[in-house]
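Here is a short briefing for a first look at this protein. Keep the model open while you read.

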Amino acid sequence: MKAICASENYDFFTQSSVSGPKAQNWNFLDSPGPKNGKQVTSHSERHRLSRTFFSWASGRFHRASGWNGQETSLGRMSGLSFDRRTKVLSANNLRQLRALLVWARRQRRMIDFYFWSTPNNEKIAIMLEETGLTYRLMPVNIRRGEQHQAQFRALNPNSKVPVIVDQDPIGGGAPMTVFESSIILFYLARKAGGGFLPAELREHYEIVQWVMWQAANVGPIAGQASHFLNAAPEPIPYAIERYVGQLRRLYNILNDRLATRDYIVDDYSVADMACWPWVSRWRRHGQILEETPNLKRWVDRIADRPGVKRALGALAGHGDADAPLDDAARTALFGGEAQ
Ligand SMILES: N[C@@H](CCC(=O)N[C@@H](CS)C(=O)NCC(=O)O)C(=O)O
């Protein structure tokens, strides 16, 4: 069998056998001169190129075919295979291989987005889609306890999604891991050259202030309202009234603010992205959105944005935060390690 293989500097090779990484079997396809099995480069050049290829292939694909999801991306390009033992990457034709190289080059620049489909994760999906930053989805099924696995805890000792790992941080260096959705929003804004979080002093801190207001108030209070309304083993009226009432107070603050403006601070920003996924779930949190008409208009306005629709589409199929909890989900979220 003849396989087509690749090196990092986008040279193409054929290999007469896929049985092992033997440098002498490699033929340089794209260089001038005789092809079809004849040697076209010097021995040392072939040796250098094949070494480049193997270090690239092993690094990229060993990592790429590691934890969670990457096998899927590779598998989608049918006809491609990577032998982890020999580190040989094979394709049926050159077109496929070129597609793979484009894909591999993008992987190198990607942001790995560890997520499950919940409000805090929607914030990040929205920011990634709105900025157009390249990312790859790394699902962490929090209803099956994947957030408690050692591999994930190494990224976030708090065992919660979202987390991002930027494979290509600003200024270079090792991949950068960031947890806490607010901080991820700030990081991505910087990465996107200040998008949705301008540098101007007053506007900047006004936006930061509302993002942190969400993180310290809307998220935790709505989370508790949802817990006592939808997840508690038995209804506790005091807890329900307390959290639903507190959330109503927060809705009113936003509703007043939005009486004279379309977005929380001037233009659409990370402050809107932080609040929207929580407010859009008003039913689940015991609220009546019609009672806060300015907030309702804002919810609809943001829901209409193509980037928001794309973000929700990207997360669809990776959990349903509104689905009833089974016993395994209760244990993963509220029992044992989760307490
Ligand atoms: N303050 C954190 C909260 C993150 C959080 O609560 N994530 C939830 C999903 S929305 C989670 O991972 N839950 C899993 C668990 O609690 O075990 C943030 O804003 O990122």
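Start with helix 6, residues 181-191, where the buried residues are S181, I184, L185, Y187, L188, A189 and K191. The model is a predicted one. The protein has 12 helices and 9 strands. Of its 339 residues, 31% count as buried. Take contacts between residues at least 6 apart in sequence: 61% of them join residues at least 24 apart.

- An α-helix has 3.6 residues a turn, so residues three or four places apart point the same way.
- In helix 6, the buried residues include S181, L185 and L188.
- Just after helix 6 comes G193, with a positive phi of about 75°.

**The nonpolar core**

- The largest nonpolar core has 58 residues.
- Which residues have the most contacts inside this core? They are F113, M127, L185, V270, A271 and C275.
- Why does the core lie between domain 2 and domain 3? Domain 2 (111-195) and domain 3 (201-315) both give residues to it, so it lies between them.
- L185 belongs to the buried set of helix 6.
- M127 touches L185 and L188, along with F196, V270 and M273. That list leaves out residues up to four places away in sequence.

**Helix 7 against helix 9**

- Helix 7 covers residues 201-231, and helix 9 covers residues 270-279.
- Their axes come within 8 Å and cross at roughly 10°.
- Angles under 35 degrees count as roughly parallel. Helix 7 and helix 9 are therefore roughly parallel to each other.
- Helix 7 makes the contact with I207, W210, V211, Q214, V218, G219 and A222.
- Helix 9 makes it with V270, A271, A274, C275 and W278.
- By class, this contact has 10 nonpolar residues, 2 polar ones and no charged ones.
- V270, A271 and C275 of helix 9 are also among the residues with the most contacts inside the largest core.

**Backbone features to look for**

- Most residues other than glycine have a negative phi, and most peptide bonds are trans.
- The peptide bond from V161 to P162 is cis, with omega near 10°.
- P162 lies in the loop between helix 5 (150-153) and strand 8.
- S159 is placed in the loop between helix 5 and strand 8 as well.
- S159 is not a glycine, yet its phi is positive, near 55°.
- Is S159 buried or partly exposed? It has 19 C-beta neighbours inside 10 Å, so it counts as partly exposed. A buried residue needs 20 or more.
- F196 sits in the loop between helix 6 and helix 7.
- F196 is not a glycine either, and its phi is positive at about 65°.
- F196 has 20 C-beta neighbours inside 10 Å, so it counts as buried.
- F196 is one of the residues that M127 touches.

- L295 is found in helix 10, residues 293-303. It is buried, with 24 other C-beta atoms within 10 Å.
- L295 and L254 are 41 residues apart in sequence. In space their C-alpha atoms are 6.6 Å apart.
- Beyond four places in sequence, L295 touches Y251, L254, N255, L258, V279 and L289.
- R109 is in helix 3, residues 94-109. Is R109 buried or exposed? It has 11 C-beta neighbours inside 10 Å, so it counts as exposed.
- R109 and Y135 are 26 residues apart along the chain, with 8.5 Å between their C-alpha atoms.
- Leaving aside neighbours within four places in sequence, R109 is in contact with T134, Q167 and D168.
- L137 is found in strand 7, residues 135-139. With 18 C-beta neighbours inside 10 Å, it counts as partly exposed.
- L137 and W116 are 21 residues apart in sequence and 9.5 Å apart in space, C-alpha to C-alpha.

Note on methods: Residues are numbered from 1 along each chain as its sequence is written. This is a predicted model: local features need pLDDT of at least 70, side-chain atom pairs count only at pLDDT 80 or more; totals for chains, interfaces and linings use all residues. Axes are lines fitted to C-alpha atoms, for helices over the stretch in contact, and angles run from 0 to 180 degrees between N-to-C directions. Helices (H or I, at least four residues) and strands (E, at least two) are DSSP runs, numbered from the N terminus. Angles under 35 degrees count as roughly parallel, over 145 as roughly antiparallel, 65 to 115 as roughly perpendicular and the rest as oblique. Two residues are in contact if their C-beta atoms, placed from the backbone, lie within 7 Å. Ala, Val, Leu, Ile, Met, Phe, Trp, Tyr, Cys and Pro count as nonpolar, Asp, Glu, Lys and Arg as charged, and the others, Gly among them, as polar. A residue is buried if 20 or more other C-beta atoms lie within 10 Å of its own, exposed if 12 or fewer, and partly exposed in between; C-beta atoms are placed from the backbone. A nonpolar core is a set of buried Ala, Val, Leu, Ile, Met, Phe, Trp, Tyr and Cys residues joined through C-beta atoms within 7 Å. Domain bounds come from an automatic or database domain assignment.
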